[in-house]
Amino acid sequence: MIRAVFFDIDGTLKPFDEHELRDTTIQMLADLQSKGIRIFVASGRPPVQLPLLGEKFNSVPWDGMILLNGQYCLNKEKEVVHNMPIPKEALHSLVPWLKAHADYPCSFCELEMSYDIAFNQGMHDYLESLGKLDEMPQVLDPVRSYEHDTYQICPYIPPEMDDAFVAHAPGMKSARWTDEFADMIPEKGGKPAGIQAMIDYYGIDRSEIMVFGDGGNDSDMLEYAGIGVAMGNAKDEVKAHADYITLDCRDDGILHALKHFHVL
């Protein structure tokens, strides 16, 4: 019996180019909760970016949130259930190398703010499309990370550069979901670690959970869950980790899978 469902956001709960959850998605989430099934977000986004998801998303009574690819988890009351910042020794090794090779944008994510070490055109264009350029991250010296907890670093590098980046950041790994940039997180982190902390808190077994995802950073949680569902718009290498492949997120793929498994 499924007692909890975890959803990635972008490309799963909503298409990338839509900035609000659809009404059909809101109703589906309400239907799950009406059956006593807990609903959770499992996203790479930091808390500071949640307002960008719109009023509908933020009005959903989520039972909890797995954020920053599993490094920061909140229960229904917004109390911290799991907290895993990047080890300071990794930052002390990485930052000098970044400062010497800062020819590409790189974002540092804290809980209440994120900042870039150089101007980020990609982030500028994204926020401009939302009409929220006033939320463009500021450019700061990454030595700030020595004194402030950092949970995720996002270098705008191609996939073939991931290993070189991690080589200068002992205790970190890549949780990449797009060719444009990587989510660099603690080596022991990831969405499954966050989900495990959450289900331990609520007394749920991993065999009783269902997860939905579409990106490379969802692959390990698709394998971890009792039922892992890949969206139809996911890449083939992500689908290979799933128990079931549903329809595209534009075609109510989540609802299709929930009905297939008789959850709804």
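Helix H3 bends by about 25° at Leu94, and a proline, Pro96, follows within four residues. The bend is the angle between axes fitted to the seven residues ending at a residue and the seven starting there. This is a predicted model, where local features need pLDDT of at least 70, side-chain atom pairs count only at pLDDT 80 or more, and totals for chains, interfaces and linings use all residues. Residues are numbered from 1 along each chain as its sequence is written, and side-chain values use heavy atoms, with hydrogens and water left out.

**Helix H3**
- Helices (H or I, at least four residues) and strands (E, at least two) are DSSP runs, numbered from the N terminus.
- The 13 residues of H3 (88–100) should span 18 Å at 1.5 Å a residue, and the end C-alpha atoms are 19 Å apart, which agrees; the expected span is 1.5 Å times one less than the number of residues.
- Buried (under 20% relative accessible area, 1.4 Å probe, protein chains only) residues of H3 are Ala90, Leu91, Leu94, Val95, Trp97 and Leu98.

**Largest pocket**
- The largest pocket has a volume of about 810 Å³, the space filled by probe spheres set on grid points joined across faces, edges and corners.
- A pocket is an open set of points on a 1 Å grid over the protein atoms alone, where a 1.4 Å probe fits, with protein on both sides within 12 Å along at least five of seven lines; lining residues have an atom within 4 Å of a point.
- Helix H4 (121–130) gives the most to this lining, with 4 residues.

**Second largest pocket**
- About 360 Å³ of space lies here.
- Of its 22 lining residues, Trp177, Gly215, Gly216, Lys235 and Val238 are the closest to the centre.

Definitions and conventions. Buried < 20%, exposed > 50% of the residue type's maximum accessible area, 1.4 Å probe, protein only.
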